[in-house]
Amino acid sequence: MTDEIKALEEEIAIIQQTLQEKKARLQQLKSEAPPCPYSDILSSEEVVRYSRQMLMPQISMLGQVALKNSQVLIVGAGGLGCPASLYLAAAGVGDIHIVDYDEVELSNLHRQILHHEGDIGVLKVHSASDKLRDINSNINVVPHHIHASSSIVELITKHAYDVVLDCSDNAPTRYLLNDICVIHNIPLVSGSALQMEGQLTVYHYKNGPCYRCLFPTPPPPHTVTNCGDGGVLGAVAGVVGVLQALETVKILTEMDGVLSGRLLLFDGSGTNFRNVKLRQRVAECAVCGDNPTITTPIDYEQFCGSKAHDKVVDIDMLKDEENVNVQKLDHLLKEGVVVDVRPELEFAMCRLPNTVNLPYARIKTNKGLRELKEIVKSVKKGNSDGIFSTYLKEDIFVTVYVLCRRGNDSQRSVKYLRDNFPDSSVKFDLRIVTVSLWEIIKIHSLTFVFGVWIMCKMSAKWVWDPKSFFTLQQRDTPPACLVDSSLGQHKYVKLKGVKFHYVECGSRDLPLVLLLHGFPDCWLSWRHQIPVLSQHFRVVALDLKGFGDSDKPSSRKTYRIDMILEELQQLIISLGVSSCTVVGHDIGGLLGWCLAHQFPELVDKLVAVSCPHPNVYRTSLHTSSNYRWLNFVQLPYFPEVDALREDVKIISKYHKHLPPHDTYLEAYKYAFCRKEDWTGPLNYFRNLLFIEVAENSRTIQVPVVLITGDRDKFIKLESIVKSTDYCEKFHVKIVDGARHFPHQERHQQFNEILLKSLVKKKSVEDGGLERSASKGIVNRMFGAVSSTVKYGNSVLDTVHKKTNGVVGKTWFPVEAVIVPHLRRAVASILTSSSCQTVFNGNGASDESNVFRTHLEDIMEK
Ligand SMILES: Nc1ncnc2c1ncn2[C@@H]1O[C@H](COP(=O)(O)OP(=O)(O)OP(=O)(O)O)[C@@H](O)[C@H]1O
Ligand SMILES: [Zn+2]
C-alpha cells in the first residue's frame, strides 16, 4: 500500500511539474504578444463577466476600464493575501503582482483559500497565481518569489503600481512597505488578523497619515504575537482580506469613502465593526513629514529588532547541558515531575504521558509558583514508590522539568522562575522574608534607649502619684455589647490547637467578607459595618489571636507572621470558602497585605484601612509619632504593665473618638483589663516590625482599596500613595475629618465608600476607573487614580511637583492631578472594549500596554 501511495505521489508530482511548465509557457507567450491597441476597451466577454458590478453607478464602464488598466502589488499570499487577491482578480484588476517567499504548508489551508491540498510544498506565489488565472484568464498575474526586503524597491521602481496591499505578518515588512509606498507615493492598504479580531486601514492616501505617523517606533519584539502562536480563525482573516480588496477597488475607481485616517476594528466574537478616527498626518513624520529624514529604505530588521518573517526563531537562554535528552525524558516521565508549559489548548491537542500542564502564561502570574507547588505535591502523592516520594515529607526541593513545543517557552519558564524566585530551589514560600540582622540590632539598641527613658517616666509617675498609677477598676462582667448577639452569632473554631472567636452575620450563600481589626481593638471594631455589609455579604468579624475571646498564647514565637498567616488561611478554608474579601484595619490591614502576597488565591479583594503596605510601614516607622512606643514595646513585661496604668488609659488614648464613659470604651477596657490581655497584641508589634515582603515578590494582582482618614497622625498619605506601588489595581479613598479609626469615627461616610468598592464591582475591577462618576473622582482626593503601578508613581511625582513635596502634611488641589489621567482612562476603556490588539500585522498583533497607551494618544481627541 505504501508503495502504491509513493508511486501515485511521484506520478502526480510529474504531472504537476508538466502543468506548471505549460502554464508558464502560456503566460510567457501571452506577455510577449504585442499589446492590444484597444486594451482600455472591454471585450464583450468582459462586459458580460463584469456586468453585475458595472451596473453599479459607482463602477460603470469607466470604473471597469480603470480596474482593467490598474496594477496592484500584493505582499503576502497568506491568510489576507489569498482572499484579497481572489476578489481583485475576480473584479478584473488587470495586473496583479504577488510577492511571497514561502511554500504552502498543511497548517495554512484552513484560511489561505487559494492553496489546496495538492499544493503543499509548492511556492505560495505559484499556487496563488494558478488559481487566480483559473478564475480570470483575462488578467495578468505575475508571481514574484522573493523575500520583500529592500530588494522590493526594484520591483516598485520598475512597475507603476497604483496600490500596494500589505498582507504580510511582521513589523519589519510593514515599515518597509510603508516607507517605500510613501517614497513612491502609492497608497498602502494594510490589514491584520489575529484570533477573532481584525484591523484595517489605508495609509498615505490623499494626504492621510502613514504607518509611521501613528507608530514612529516599532513594538518591543517580545510583545508581538503571531498566528503561529496565537491562532486565527480563517473566516476572520477572510473578512479583513476581502475588505482590503474592497478598499483597493474603491481607490482604483476613485470612489469616495476610502478608509484613510480611520482604523476599522473588527471583532468576530461579537460581530462588531467599529471605526476609530486616527490622527492626521504628522508634519514631523520621518518619512511623510514636511522634512523627511528617511528617503531610502533602511535596515528594517535592525530597526524592529525582529526578523521580517513570522517563523519562530529558536531562543538560546539556557546552557546546552541543561537540556534533557530523550533517555532522560523517558526516565522522568516515569519518575519525575514533568510540566508541559504549552497553552492549555495545545496540551489538549496532544501530550506526552504523565505530564502536567501549567502554561507559561500562568507561571508568570502571581499564582504561578503556588500552582507549580500544588502540581509537585499532587504528582508526588500519586507516585509514592518514586525516587522523590520522601522529598515532600522532608520539605526538600523537588526538581521540576519543563517542556514545550519548540523549547522556547520552556526556557523562558525556567529563566523566569530562576530570576523571580532565586530561592525557590530551597523552598517555595519565600514571599514574606524577615529583615536583616542589622535592622534587628538597630531596633534593639533603640529599644534600650527608649525603653529606659519611658521606664524612667513610668517610675517617676509611680513615685509621685502611686494612686492614679495603680487604679485599675474591677471588671468582672463583660458589657452586653461584647457578648450579646445583636450584631451576629458568636462562634468559635479551633485551628492547629488555637481557638478563634468570631462574630458572623449574613447569609452563608453570599460571598464572604473577613474583617480583621487593629490595635487595641477586637471584633467589635466593626460594629458599624457588620449590619450594613451583612445585607450583601456573609460577614465574619474575627478576634485575632491574642485578642478578645480568642486564645492568647503568651510566647512571642506564636505570633510569627508565617504562623499567623497560615492560621488565617486555615480559618478561611474552615469557613467553607475558597476565597474571600479581606478588610483589615491597622495591624489587621498589615495581615491583609501579607495574606494577599502569600496566599493570593485566597483573597478576592483587599481593603486596607489606615494601613500602608508592610514595606512602606517599615520604612516610615522612624518618622512615625509612635516610634518611641514601638521601640519600648520590644522590651518584655514592662509594656504590658505600662498598658494597664491609670485604668488602661492607653485605650482612651487610642479611642479618642469615644466619649469618656462610652459603653464601647468600657467594652474595650474590659477586653484589655489584664496583663495577659496585652501580651498577644504587643507581640504583634514585637514581630511585625521585622517582616518585609520580598521585593522579588510580584505585585498584588487582586484589587486593593486603601482607605485612610485625612487626620490620621500615625499614617501619612504619602505612605498610602507609596503603597500603591505594590498593587496592580488600586483605589485610594480619603475619609474627611477622620483620624486612625475612620470606620468608627465617620462610619457613614466609610460605609458608603466600602459598599461602593465592594458592591459596585465595576469601580475597582475595571482598574480603579469609575466611568460615570467623574465628578466624584475629581472632587475626591485620589479617588480612582489609576490601574497600574507606573501610573501610581506618576501620580506621586505629579503630586510632589504640584505640592513641592509636602504630600502628607497638607492638602493640594486635586483636579489638576486627576484630569489628565481621566482622559487617558476613558480612552483606555474605549480601546479595551473592542480593540485588544493593536494594528501591527497580519497575525502580528501587539498586545503590549505601550502600544495600547499609544493608541489612546493617536486617537483624535
Ligand atoms: N517580507 C516578506 N516578503 C515576502 N513575503 C512575506 C514577507 N513577510 C511576510 N510574507 C508572507 O506573508 C504571508 C503572511 O501570511 P499569514 O500570516 O497568513 O501566515 P503564514 O506565515 O503563511 O503562516 P503561519 O503564521 O501559520 O505559519 C506569508 O505567506 C509570508 O510568507
Ligand atoms: Zn507619516
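With 23 C-beta neighbours inside 10 Å, Arg111 counts as buried (20 or more other C-beta atoms within 10 Å of its own, C-beta atoms being placed from the backbone; 12 or fewer would be exposed, and in between partly exposed). This is a predicted model, in which local features need pLDDT of at least 70, side-chain atom pairs count only at pLDDT 80 or more, and totals for chains, interfaces and linings use all residues. Residues are numbered from 1 along each chain as its sequence is written, while chains are lettered from A and ligands numbered from 1 in the order in which they are written.

Arg111 sits in the loop between strand E2 (95-99) and helix H6 (124-135); helices (H or I, at least four residues) and strands (E, at least two) are DSSP runs, numbered from the N terminus. Leaving out residues up to four places away in sequence, Arg111 touches Gly79, Val232, Gly234, Ala237 and Gly238 (contact: C-beta atoms, placed from the backbone, within 7 Å).

Lys124 belongs to helix H6. Lys124 counts as buried because it has 27 C-beta neighbours inside 10 Å.

Now turn to another helix. H32 (residues 747-758) has twelve residues and reaches 16 Å from its first C-alpha to its last, close to the 16 Å expected (1.5 Å times one less than its number of residues). Which residues of H32 are buried? They are Phe750, Ile753, Leu754, Ser757 and Leu758. These cover an arc of only 120° around the axis, which puts them on the same side of H32 (the arc is that of the directions from the helix axis to the C-beta atoms).

Methods: Contact = placed C-beta atoms within 7 Å.
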